[in-house]
Amino acid sequence: MTVEITWWGHATCTVADSGTRVLTDPLFTRRLAHLRRRRGALPPPEAAEADAVLVSHLHNDHLHLPSLGRLAPGTALIVPRGAPRAVPGLRRLSGQGLRVTEVEPGDEVRVKDLVVRAVPALHDGRRLPFGPHHAPALGYVVTGEARTYFAGDTGLFDDMADAVGPVDVALLPVGGWGPFLGHGHLDARRAAQALARIAPRAAVPVHYGTYWPIGMDGVRPHEFHSPGDEFVRQAARIAPGVAVHRLGHGESVRPEACR
């Protein structure tokens with residue numbers, strides 16, 4: 001298994017496998033509406049260099065049009081089916097040279113020597129605050145020399161292990177951008193339970209410790225700082241066979257080199 005994972009913050013990661021770079025849910029901004037980046041420098045320009053970009057769902061912190069606008073023409077952009085209809089800006093990006101492909105659970109897309117498979121997620125995938133449910137929330141399994149699962153945003157669901165299938169590395173959300181997590185999210189404990197179900201060889205916690213609402217610094221601040229460490233602790237108890245790598249912003253890991 002030869003794969004390198006770089007965490008840029010929030011749900012944004014680069015998966016480098018078989019000479020191919022896959023970028024997840026790019027968010028390259030200091031501020032998004034009421035959220036401010038509180039930890040980690042903005043990703044450098046090379047973070048936007050990718051052969052393919054995976055968008056898990058339509059929420060603004062996962063489908064961020066200005067960040068997608070930084071991608072080079074010719075980049076493959078894989079989005080949930082119905083996303084261009086729900087988010088007209090995606091059609092403009094297609095006109096600027098991005099190759100947009102819509103997928104739903106079970107669909108596969110080849111990217112050079114990799115295969116990207118869309119899998120279900122338990123999450124509200126609407127483009128809030130507008131409109132009905134136009135597109136499903138997704139996770140993705142990227143298969144090359146390794147099988148890497150990017151969960152996007154999801155809660156636990158009964159057939160998660162069967163839907164995802166065997167994987168080597170799991171990129172799991174363990175927190176959020178506010179002091180309370182609602183339905184369709186994983187906190188550190190539930191993410192460890194997901195880890196036990198999926199049973200990868202290695203895991204990287206994401207979606208925590210990057211953005212926080214302006215003016216809420218004193219409201220349950222441990223929900224901002226602690227999910228990564230708490231996930232490490234919970235995973236050691238619930239899924240002790242999985243090697244967990246808690247990265248700092250901009251840090252990379254080759255999981256097989258750490259075993």
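The model is predicted: local features need pLDDT of at least 70, side-chain atom pairs count only at pLDDT 80 or more, and totals for chains, interfaces and linings use all residues. Residues are numbered from 1 along each chain as its sequence is written, and side-chain values use heavy atoms, with hydrogens and water left out.

**Fold and dimensions**

- The chain has 7 helices and 17 strands. These are DSSP runs, numbered from the N terminus (helices: H or I, at least four residues; strands: E, at least two).
- Its radius of gyration is 17 Å, close to the 18 Å from the globule rule for 259 residues, so the chain is as compact as a globular protein of that length. The radius is taken over C-alpha atoms, and the rule is 2.2 Å times the number of residues to the power 0.38.
- Along the principal axes, the C-alpha atoms fill a box of roughly 50 × 45 × 35 Å.
- Of the contacts with a separation of 6 or more, 67% join residues 24 or more positions apart. A contact means heavy atoms within 4.5 Å.

**Burial and surface**

- Of the 259 residues, 53% count as buried. Buried means under 20% relative accessible area, exposed over 50%, and partly exposed in between (1.4 Å probe, protein chains only).
- The chain exposes about 10600 Å², and carbon and sulfur atoms supply 50% of that area. The areas come from the Shrake-Rupley method with a 1.4 Å probe.

**Charges and salt bridges**

- The mean positions of the 29 positive and 26 negative charges lie 5 Å apart. Lys and Arg count as positive, Asp and Glu as negative; His and the chain ends are not counted. Each charge is placed at NZ of Lys, CZ of Arg, CG of Asp or CD of Glu.
- The structure holds 8 salt bridges. Each is a side-chain nitrogen of Lys or Arg within 4 Å of a carboxyl oxygen of Asp or Glu.
- E4 pairs with R254, with the closest N and O atoms 3.4 Å apart. E4 is in strand β1 (residues 3-9) and R254 in the segment after β17 (252-253), so the bridge ties together parts 250 residues apart in sequence. E4 is partly exposed at 28%, as is R254 at 45%.
- D229 pairs with R246 at 2.8 Å between the closest N and O atoms. The bridge links helix α7 (residues 227-238) to the loop between β16 (243-244) and β17, 17 residues apart.
- R233 pairs with E230 at 2.7 Å between the closest N and O atoms. Both lie in helix α7, 3 residues apart, about one turn of the helix.
- R81, E104 and D107 form a salt-bridge network.
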